[in-house]
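Take a moment with the sequence and the 3D view before reading on.

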Amino acid sequence: MSEHLMNTYARQPVTFAKGEGAWLWDTEGKRYLDALAGIAVNGLGHAHPALVAAISEQAGRLIHVSNAYGIAEQARLADKLCEISGMDKVFVCNSGCEANEAAIKLARLYGHNKGVENPAIIVMERAFHGRTLATLSATGNRKAQAGFEPLVSGFIRVPFDDLDAVRQVAASNPNVVAILLEPIQGEGGINMPQDSKAYFQGLRDICDEHGWLLMLDEVQSGIARTGTWFAFQHTDVMPDVMSLAKGLGSGVPIGACLARGAAAEVFTYGKHGSTFGGNPLASAAGLATLNIIEQEGLLAHSEKLGNWLRDAFAEQLKDVTGVVTVRNAGLMLGIELDRPCGELVGQALQAGLLINVTADKVVRLLPPLIMSEQEAEQLVAILTPLIKRFLA
Ligand SMILES: *Cc1c(COP(=O)(O)O)cnc(C)c1O
């Protein structure tokens with residue numbers, strides 16, 4: 001590893017040279033099963049032929065122009081995103097934090113437009129929204145924020161899955177203009193509301209009553225990860241704003257902020273922009289990703305395989321002391337242990353498996369959407385003994 005890279009990551013001692021489907025090979029030729037998918041990015045696995053063809057074709061024709069001109073691929077991507085989400089308009093950017101920055105700016109402008117001079121956004125404990133100053137300020141992790149004060153003001157934090165806490169803020173703070181939250185908290189530990197339908201209906205009702213925007217960060221939970229295109233589609237409510245990134249470009253950097261109704265009209269000329277956002281190459285990657293997911297039936301597969309994995313782990317680990325729960329929404333899975341278990345990442349790597357641990361105690365699995373049943377069996381066969389040995 002070069003000494004010229006800044007020390008921002010605790011990297012595992014491995015470098016990958018190539019990938020195919022759910023498999024990676026390191027520079028020594030050792031093979032690994034990928035149950036992390038670049039943190040929910042490589043939904044189509046590695047080197048998917050149809051994706052490679054779409055990107056190669058686009059690269060050979062046109063990689064970048066500028067948003068000062070029409071971009072046909074970006075327009076087609078926006079149409080497709082609105083078709084599958086029910087949203088009205090899209091702003092295309094390059095990453096998850098940028099998609100959330102757009103959402104935060106949109107909410108503030110929405111507030112100012114209706115005369116709120118100091119607009120505030122409700123955010124959640126244990127949330128993760130990114131590493132830029134505004135998204136770090138919205139993030140509910142003191143460790144990640146430490147040293148970067150002064151943080152951006154205008155965020156009010158409440159516990160996740162607690163409607164009363166939101167109602168209390170509503171009763172006392174006239175400056176609130178929006179709620180921003182992940183439908184399922186990814187970095188925070190694969191945390192889901194006890195009753196998603198009731199919780200999101202409750203949030204929707206509060207937002208409607210007070211004229212707030214309901215803004216969902218689906219950067220990790222979106223793009224078929226949970227068995228539907230977007231996690232909110234497991235509920236009966238629509239958001240006003242939604243941010244996407246990770247799985248959208250299959251590894252080509254892209255993010256998007258989608259809006260609906262009045263929220264879709266907030267950004268006008270000059271209010272926001274991006275040099276790279278939605279360039280022909282990234283847009284073609286996004287469009288190809290969505291089309292391939294559809295053609296290969298990966299929504300249903302994600303749900304089915306995710307539930308199979310949850311049941312398999314729950315069964316294998318049912319009498320193991322130290323396992324708290326196994327939970328999932330599609331292929332977003334968490335195995336919560338009763339103690340910090342970061343060491344499992346290195347042990348799994350040794351055993352030829354890529355996993356992740358988040359919130360100290362939660363083994364997080366985000367397998368590619370194209371993982372086969374046989375590969376899922378291998379995943380269970382490799383990981384279960386490691387967890388048992390770790391807890392023994
Ligand atoms: C990863 C993530 C982000 C940040 O995305 P970047 O592309 O790293 O900026 C934001 N929100 C959620 C929910 C994420 O999982």
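Predicted model: local features only at pLDDT ≥ 70, side-chain atom pairs only at ≥ 80, totals over all residues.

Helices and strands here are DSSP runs, numbered from the N terminus; a helix has at least four residues and a strand at least two.

The peptide bond from E149 to P150 is cis. Its omega is near 5 degrees. Why does that deserve a look? Most peptide bonds are trans, and most residues other than glycine have a negative phi.

I39 is not a glycine, yet its phi is positive, near 60 degrees. You will find I39 in helix α1 (residues 37-40).

Where they meet, domain 1 gives 21 residues to the contact and domain 2 gives 20.

How much area is buried between domain 1 and domain 2? The figure is about 1700 Å². Carbon and sulfur atoms give 59% of it. On the side of domain 1, three residues lose the most area to domain 2: L299, M332 and R364. Together they make up 37% of what that side buries.

Which elements of domain 1 give two or more residues to the side that touches domain 2? They are α10 (298-316), β11 (323-329), β12 (332-337) and β15 (362-365). The largest share, 4 residues, comes from α10. Sorted by class, this side of domain 1 has 12 nonpolar, 6 polar and 3 charged residues.

Salt bridges also occur elsewhere. The total count is 17. One of them joins R61 and E57, with the closest N and O atoms 2.8 Å apart. Why can these two pair up along a helix? R61 and E57 are 4 residues apart in helix α2 (residues 49-61), so about one helical turn separates them.

Finally, turn to the ligand. Which residues surround it? Among them are S95, G96, C97, N100, F128, H129 and G130. The list also includes E182, D217, V219, Q220 and K246. Three of these residues can be followed atom by atom. A backbone N or O atom of G96 lies 2.8 Å from an oxygen atom of the ligand. F128 also uses a backbone N or O atom, which lies 3.3 Å from a ligand nitrogen. D217 uses its side chain instead: an N or O atom there is 2.7 Å from a nitrogen atom of the ligand.

How values were computed. Residues numbered from 1 in each chain as written. Heavy atoms only, no water. Contact = heavy atoms within 4.5 Å. Buried area = accessible area lost by both parts, 1.4 Å probe. Nonpolar A, V, L, I, M, F, W, Y, C, P; charged D, E, K, R; others polar. Near = heavy atom within 4 Å. Polar contact = N/O pair within 3.5 Å; in protein donor to acceptor, adjacent residues only side chain to side chain. Salt bridge = Lys/Arg side-chain N within 4 Å of Asp/Glu carboxyl O.
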